[in-house]
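Thanks, everyone. Have a look at the model on the screen, and then I'll walk you through it.

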Amino acid sequence: MRFRLADTVLLQGYKQGMSPAPRPHATANQPTSTRSPRWGRWIFALLWGAAVAGGYAVYSGALIIPERFNPWAALDVAAPPNFLTATKLARARGDPARCLAALAQTGMRYSPLPDRVTGPGCGFENAVLLREAGVRIGAPVSLSCPMALSLAMWERHALQSAAVLHTGQRIAAISHLGSYACRNVNRGDGAAPNAPPGNRSQHATADALDIAGFTLTNGKYIAVLRQWQTDDAATVAGSDALFLKEAHRSACRYFNGVLGPDYNAAHRDHFHLETGGYGMCR
Ligand SMILES: [Zn+2]
């Protein structure tokens, strides 16, 4: 809008400059469009000032609003997600102390790991050895705090409801293919563990987890490899596939990067979930 008004003024100035004769109707008493930008600027400034003042009042504590609507409040892992959850999760992931504080609320079973450097571009900081993630996870995994926190949020706020919706059961266990590995990005043409560290996978810093399937509370196992594709959505297999699709889609809200069977053949049997990398949802 501001550009449009400014353009109008420029255009009129240009026209006036081009035209030798003054326009007959342009008198001093008539409202001209040159006033509009000034009012526009005032209104914009007032709104901007009000937004800044309101934001500062919330930030300083002068104005009390519910925590879930306060963008500066810490992430509450149990609170139902809203439009601020992604921002709060990102901020918690970006600060080691905040991340550990949020992780402590999740009820996950884990123990802190000492920071390690294991090779060029490999190792981890602020990581935990995760033993249980609200659900069983089989072999314990080394995960960075941001990954563990994202996993907790996804399991609690998306995965369980997707399973109940499509299968009538909750998730009892997640089967994973591992997290930390000092290696480069797997593009499906064969990982090259001895390649130079220019293109390290998020696995190399414990910022990724590969998930192969899910066990429901009735003992049924749903494998990404077998149940991702189906021809008939009205069958049980179709429901399983819909659950996997929803699990994949919802993971994109809680992780920075998600790759699944539709991405490439290297991911035909698992979901690759990661934090800290480039945003992707494939
Ligand atoms: Zn992976």
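First, a term. Helices (H or I, at least four residues) and strands (E, at least two) are DSSP runs, numbered from the N terminus. With that, Ala206 sits in the loop between strand S6 (171-178) and S7.

Two housekeeping points. This is a predicted model: local features need pLDDT of at least 70, side-chain atom pairs count only at pLDDT 80 or more, and totals for chains, interfaces and linings use all residues. Residues are numbered from 1 along each chain as its sequence is written.

Confidence next. pLDDT is the predictor's confidence in each residue, from 0 to 100. The protein chain averages 83, and 82% of the residues score at least 70. Where pLDDT is low, the predicted coordinates should not be read in detail. Contact here means that the C-beta atoms of two residues, placed from the backbone, lie within 7 Å.

Now the overall picture. The protein chain has seven helices and eleven strands. Of its contacts with a separation of 6 or more, 54% come from residues 24 or more positions apart. A residue is buried if 20 or more other C-beta atoms lie within 10 Å of its own, exposed if 12 or fewer, and partly exposed in between; C-beta atoms are placed from the backbone. Buried residues make up 29% of the 282 residues.

One record item. The UniProt annotation "transmembrane region", from an unreviewed entry, covers residues 39-59. UniProt positions are given in the numbering used here, feature names are shortened, and annotations may be inferred rather than shown by experiment. In the model that stretch is 100% helix and 0% strand, and its end C-alpha atoms are 30 Å apart.

On to the core. A nonpolar core is a set of buried Ala, Val, Leu, Ile, Met, Phe, Trp, Tyr and Cys residues joined through C-beta atoms within 7 Å. The largest has 50 residues, and Leu130, Leu143, Ala148 and Leu149 have the most contacts inside it. H5 gives the most to this core, eleven residues.

Which face of H7 is buried? Helix H7 (residues 236-254) has 19 residues. Its buried residues include Phe243, Leu244, Ala247 and Tyr254. Seen down the axis, the buried residues of H7 fall within an arc of 155°, so they line one face of the helix. That arc is taken from the directions from the helix axis to the C-beta atoms. The buried residues of H7 pack against several elements, among them helix H3 (85-93), helix H5 (145-167) and strand S10 (271-274).

Last, backbone details. Most residues other than glycine have a negative phi. Ala206 has a positive phi, near 60°. With 30 C-beta neighbours inside 10 Å, Ala206 counts as buried. Asn126 has a positive phi of about 55°. Asn126 lies in the loop between strand S3 (122-124) and strand S4 (127-132). Asn126 is partly exposed, with 18 other C-beta atoms within 10 Å.

And Gly213, in strand S7 (residues 208-216). Gly213 is buried, with 20 other C-beta atoms within 10 Å. The C-alpha atoms of Gly213 and Ser175 are separated by 5.2 Å, though the two residues are 38 apart along the chain.

Key
The expected span of a helix is 1.5 Å times one less than its number of residues.
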